[in-house]
Amino acid sequence: MRSFEYNTPTHVVFGKDSVEKVGALVAEQGCKKVLIHYGGGSAKRSGLLDRVSQSLDASGVAYVMLGGVVPNPRLSLVREGIDLCRKEGVDFILAVGGGSVIDSSKAIGYGLANPGDVWDYYLKEKIPTACTPVGTVLTIAAAGSEMSNSSVITNEDGWLKRGLNNECCRCRFAVMDPTITYTLPDYQTASGASDVMMHTMERYFTAESDPMGLTDELAEGLLRSVMRDVQAALKNPQDYDARAGLMWASSLSHNGLTGCGTDGGDWSCHQLEHELGGKYDIAHGAGLCAVWSSWARTVMPANPARFAKFATRVLGVEAGANDVETANRGIDAMENFFHSIGMPTRISEMGITPSDEDLHELAYKCTFMDTRTIGQFVVLDKEAIYEIYKKAVK
């Protein structure tokens with residue numbers, strides 16, 4: 001077990017009708033004007049934007065709005081948001097949506113609070129020193145951005161998807177009402193739950209030989225809970241307890257809790273998916289499912305005991321004659337689970353048929369143009385990444 005620091009400063013307001021408190025929460029920030037940032041028409045059609053606006057009006061908070069955030073949020077809209085905020089004197093950003101909206105809001109916050117082009121910070125050419133404060137009204141259990149230090153943005157120029165982690169972007173507050181998620185399509189519910197799981201799975205497959213036992217048990221319990229709750233939510237979309245479990249797991253899975261005392265985890269699958277998402281504009285959770293088992297079968301021989309533990313304690317498989325057999329049973333069981341909730345386990349299952357040239361391009365971009373490796377469980381270079389993509393196609 002390693003020494004660690006753990007900080008989760010986000011004020012969580014959880015439960016039915018918690019949206020009505022957003023005006024008071026924003027007013028507490030002492031801001032002059034708020035940007036309400038949101039995605040497509042669902043926030044309008046559902047009446048959520050009206051509820052948020054009315055709450056802000058009741059608290060005497062001035063605001064402007066900017067919609068149009070899409071999955072794999074675009075740099076062009078971030079830049080538009082920065083310009084709008086400067087013009088309007090915005091000093092607080094309220095994200096009404098899921099991970100894409102929150103990530104776009106954080107990027108706008110970075111652009112407002114730091115000099116130069118915001119994309120330079122996502123390229124790691126500069127380090128941000130501040131972020132305009134962000135709060136959120138969460139609409140889907142998925143990315144965990146409501147309590148994480150992460151933001152991921154896609155640049156249409158080259159379709160590069162890049163992430164930026166910095167403590168200064170953590171949300172000041174997160175309003176979480178599980179009833180808002182009742183109307184989500186099944187595919188979004190399942191993709192979101194898969195993203196939640198993968199945030200903990202990335203941390204679980206650590207290069208540490210003896211990670212903290214309690215952290216393992218927290219991770220394993222969270223994963224079992226998500227598997228149970230997503231199946232319940234797909235069966236009955238208005239199952240409040242299932243929706244609440246997924247929403248809370250979304251936050252706990254990506255606020256650092258399930259990685260305390262370890263090296264932080266592997267994160268190869270996220271890097272692999274970022275290139276797929278950037279090029280093909282797929283749902284993030286689905287893309288993670290599409291590459292996971294190909295990655296797992298590639299790296300498992302480095303530490304089959306870890307995969308065997310995952311298989312028995314998370315997936316409940318019967319132990320085999322040795323760790324390798326148990327590990328393989330676990331990978332099969334994970335694939336079966338993903339299929340059971342409508343998620344892909346191969347790239348081709350998303351209607352994508354990349355050429356061999358495309359796969360080499362993805363591997364090249366994943367290594368930041370052959371300037372880095374990825375992963376810690378097993379370190380992967382460009383050729384190893386290409387082979388995983390190739391396995392994941394069919």
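A polar contact is a pair of N or O atoms within 3.5 Å; within protein, one atom must be able to donate a hydrogen and the other to accept it. The side chains of His254 and Arg203 make such a contact, at 3.2 Å. This is a predicted model.

**His254**

- His254 sits in the loop that runs between helix H9 (240-253) and H10.
- Its relative accessibility is 10%, so His254 counts as buried. The cut-off for buried is under 20%.
- His254 has contacts beyond its neighbours within four places in sequence. They are Ala143, Gly144, Met147, Ser148, Ser150, His199, Arg203 and Trp267.
- Arg203 also gives the polar contact, side chain to side chain, at 3.2 Å.
- Glu125 is 129 residues from His254 in sequence. Their C-alpha atoms are 25 Å apart in space.

**Thr262**

- Thr262 also has its place in the loop between H9 and H10.
- Thr262 has a relative accessible area of 12%, and is therefore buried.
- A polar atom of the Thr262 side chain lies 2.9 Å from the backbone oxygen of Gly259.
- Leaving out residues up to four places away in sequence, Thr262 touches Arg2, Thr206, Glu208 and Pro211.

**Helices H10 and H11**

- The axes of H10 and H11 are 9 Å apart, and the helices pack at an angle of about 125 degrees.
- H10 and H11 are therefore oblique to each other. Angles of 65 to 115 degrees would count as roughly perpendicular, and those over 145 as roughly antiparallel.
- Their crossing is right-handed.
- H10 brings Ser268, Cys269, His270, Leu272, Glu273, His274 and Leu276 to the contact.
- H11 brings His284, Gly287, Leu288, Val291, Trp292 and Trp295.
- Seven residues of this contact are nonpolar, five are polar and one is charged.

**Helices H10 and H14**

- Helix H10 (residues 268-280) crosses helix H14 (residues 356-366) at roughly 120 degrees. Their axes come within 9 Å.
- That angle makes H10 oblique to H14.
- H10 passes H14 in a right-handed crossing.
- On the H10 side, the residues that meet H14 are Gln271, Leu272, Glu275, Leu276, Lys279 and Tyr280.
- On the H14 side, they are Asp358, Glu361, Leu362, Lys365 and Cys366.
- The contact of H10 with H14 has five nonpolar residues, one polar residue and five charged ones.

**Helices H11 and H15**

- Helix H11 (residues 284-299) packs with helix H15 (residues 382-393) at an angle of about 125 degrees. Their axes are 8 Å apart.
- H11 is thus oblique to H15.
- The crossing of H11 past H15 is right-handed.
- From H11, the contact takes Ala290, Val291, Ser294, Trp295 and Thr298.
- From H15, the contact takes Ile388, Lys391 and Ala392.
- Of the residues in the contact of H11 with H15, five are nonpolar, two are polar and one is charged.

- Leu272 and Leu276 of H10 take part in the contact with H11. Leu272 and Leu276 also meet H14.
- Val291 and Trp295 of H11 take part in the contact with H10.

**Thr136**

- Thr136 has its place in strand S5 (residues 134-138).
- Thr136 has 0% relative accessibility, so this residue counts as buried.
- The Thr136 side chain reaches the backbone oxygen of Ala95 at 3.0 Å.
- Ala95 is also among the residues that Thr136 touches, residues up to four places away in sequence not counted.

**Ala130**

- Ala130 is placed in the loop between helix H6 (119-122) and S5.
- Ala130 counts as partly exposed because its relative accessibility is 27%.
- Ala113 is 17 residues from Ala130 along the chain. The two C-alpha atoms are separated by 5.7 Å.
- Ala113 is also in contact with Ala130, as are Tyr110, Asn114 and Cys168, with neighbours within four places in sequence left aside.

Definitions and conventions:
Residues are numbered from 1 along each chain as its sequence is written. This is a predicted model: local features need pLDDT of at least 70, side-chain atom pairs count only at pLDDT 80 or more; totals for chains, interfaces and linings use all residues. Side-chain values use heavy atoms; hydrogens and water are left out. Axes are lines fitted to C-alpha atoms, for helices over the stretch in contact, and angles run from 0 to 180 degrees between N-to-C directions. Helices (H or I, at least four residues) and strands (E, at least two) are DSSP runs, numbered from the N terminus. Angles under 35 degrees count as roughly parallel, over 145 as roughly antiparallel, 65 to 115 as roughly perpendicular and the rest as oblique. A crossing is left-handed if the near helix is turned anticlockwise from the far one by less than a right angle, and right-handed if clockwise. Contact means heavy atoms within 4.5 Å. Ala, Val, Leu, Ile, Met, Phe, Trp, Tyr, Cys and Pro count as nonpolar, Asp, Glu, Lys and Arg as charged, and the others, Gly among them, as polar. Buried means under 20% relative accessible area, exposed over 50%, partly exposed in between (1.4 Å probe, protein chains only).
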